[in-house]
Amino acid sequence: MDYFELYGLSISFNPDPAVIKQKFYELSKKYHPDFYIMESQEKQEEVLELSTLNNKAYQVLSDPQKRLHYILELKGLLTEGENYVLPQHFLLEMMEVNEALMELEFEPDAGKLLAIKAEVDLIEKKLFDELLVLTSGFETQDEEQQKQSLLKIKDLYYRNKYLLRLRERLDK
């Protein structure tokens with residue numbers, strides 16, 4: 001059972017946070033281990049598993065980044081150890097940013113660092129805006145449109161992942 005099924009929701013990149021919280025509390029009460037203390041060991045283990053599943057579901061569905069990752073996994077688009085190839089134009093853009101960062105390691109310059117951070121902010125915002133457009137109408141798309149959107153979302157996911165590593169390097 002996936003997390004959306006557990007909460008009685010259709011797969012959505014933008015589920016209602018209030019509904020997620022309500023389902024979490026509802027299932028937390030229903031599957032609280034203390035209510036099953038007099039049950040068999042088997043039943044207690046089952047309830048503990050359901051309680052754990054509920055906690056994981058809430059953590060994932062209430063966090064937009066984790067939810068995005070989860071949906072891509074659920075749809076079979078992310079696999080462990082996948083060597084996703086980013087688009088050439090993006091890699092060229094990142095190469096320029098990385099070269100500028102290497103130069104800063106040898107010749108620190110606060111002004112250049114701020115300029116690089118601003119450039120990365122702009123790239124991140126552009127990716128976020130593209131992602132917002134793709135995920136906003138996802139539920140209303142037919143199956144073929146969803147497939148196409150998911151491929152684009154996957155690409156943005158990997159670009160954003162690259163930018164997060166770059167951001168970590170910038171923050172050092």
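**Helix packing and selected residues**

A: Gln59, Val60 and Leu61 of helix 3 meet Lys66, Arg67 and Tyr70 of helix 4, where contact means heavy atoms within 4.5 Å. By class, that contact of helix 3 with helix 4 has three nonpolar, one polar and two charged residues; Ala, Val, Leu, Ile, Met, Phe, Trp, Tyr, Cys and Pro count as nonpolar, Asp, Glu, Lys and Arg as charged, and the others, Gly among them, as polar. This is a predicted model, in which local features need pLDDT of at least 70 and side-chain atom pairs count only at pLDDT 80 or more, while totals for chains, interfaces and linings use all residues. Residues are numbered from 1 along each chain as its sequence is written, and side-chain values use heavy atoms, with hydrogens and water left out.

Q: OK, and at what angle do the axes of helix 3 and helix 4 cross?

A: The axes of helix 3 (residues 41–61) and helix 4 (residues 64–74) cross at roughly 105° and come within 6 Å. Axes here are lines fitted to C-alpha atoms, for helices over the stretch in contact, with angles running from 0 to 180 degrees between N-to-C directions. Helix 3 is therefore roughly perpendicular to helix 4, the class for 65 to 115 degrees, whereas angles under 35 degrees count as roughly parallel, over 145 as roughly antiparallel and the rest as oblique. The helices themselves are DSSP runs (H or I, at least four residues), numbered from the N terminus.

Q: And how do helix 5 and helix 7 cross?

A: Their axes come within 12 Å and cross at roughly 5°, so helix 5 is roughly parallel to helix 7. On the helix 5 side the contact is made by His89, Phe90, Met94, Val97, Asn98, Leu101, Met102 and Glu105, and on the helix 7 side by Arg159, Tyr162, Leu163, Leu166, Arg169 and Leu170. By class, this contact of helix 5 with helix 7 has nine nonpolar, two polar and three charged residues.

Q: Switching to Arg159: is it buried or exposed?

A: Arg159, which is found in helix 7, is buried, with a relative accessible area of 11%. Buried means under 20% relative accessible area, exposed over 50% and partly exposed in between, using a 1.4 Å probe and protein chains only. Leaving aside neighbours within four places in sequence, Arg159 is in contact with Leu86, Pro87, His89, Phe90 and Leu127.

Q: What about Arg167, which residues does it touch?

A: Arg167 touches Lys117, Val120, Asp121 and Glu124, not counting residues up to four places away in sequence. Arg167 has its place in helix 7 and is buried, with a relative accessible area of 16%.

Q: And Leu156, what does it touch?

A: Leu156 lies in helix 7 and is buried at a relative accessible area of 4%. Beyond residues up to four places away in sequence, Leu156 touches Leu127, Glu130, Leu131 and Leu134. Leu156 and Glu124 are 32 residues apart in sequence, and their C-alpha atoms are 10.0 Å apart in space.

Q: Which residues of helix 6 are buried, and what do they pack against?

A: In helix 6, the buried residues are Ile116, Val120, Ile123, Glu124, Leu127, Leu131, Leu134 and Thr135, and the buried residues of this helix pack against helix 4, helix 5 (88–106) and helix 7 (143–171).

Q: How far does helix 6 reach?

A: Helix 6 (residues 110–136) has 27 residues and reaches 38 Å from its first C-alpha to its last, close to the 39 Å expected, where the expected span is 1.5 Å times one less than the number of residues. At the start of helix 6, a side-chain oxygen of Asp109 comes to within 2.9 Å of the backbone nitrogen of Gly111.

Q: What caps the N-terminal end of helix 7?

A: Asp142 does, with a side-chain oxygen 3.1 Å from the backbone nitrogen of Glu144.

Q: Last one: where does Ile11 lie, and what is it in contact with?

A: Ile11 lies in the loop between helix 1 (3–6) and helix 2 (17–30), and Ile11 is partly exposed, with a relative accessible area of 24%. Leaving aside neighbours within four places in sequence, Ile11 is in contact with Phe4, Ile71, Leu74, Lys75 and Glu139. The C-alpha atoms of Ile11 and Ile71 are separated by 7.5 Å, although the two residues are 60 residues apart along the chain.

Key: Helices (H or I, at least four residues) and strands (E, at least two) are DSSP runs, numbered from the N terminus. A polar contact is a pair of N or O atoms within 3.5 Å; within protein, one must be able to donate a hydrogen and the other to accept it, and residues adjacent in sequence count only if both atoms are side-chain atoms.
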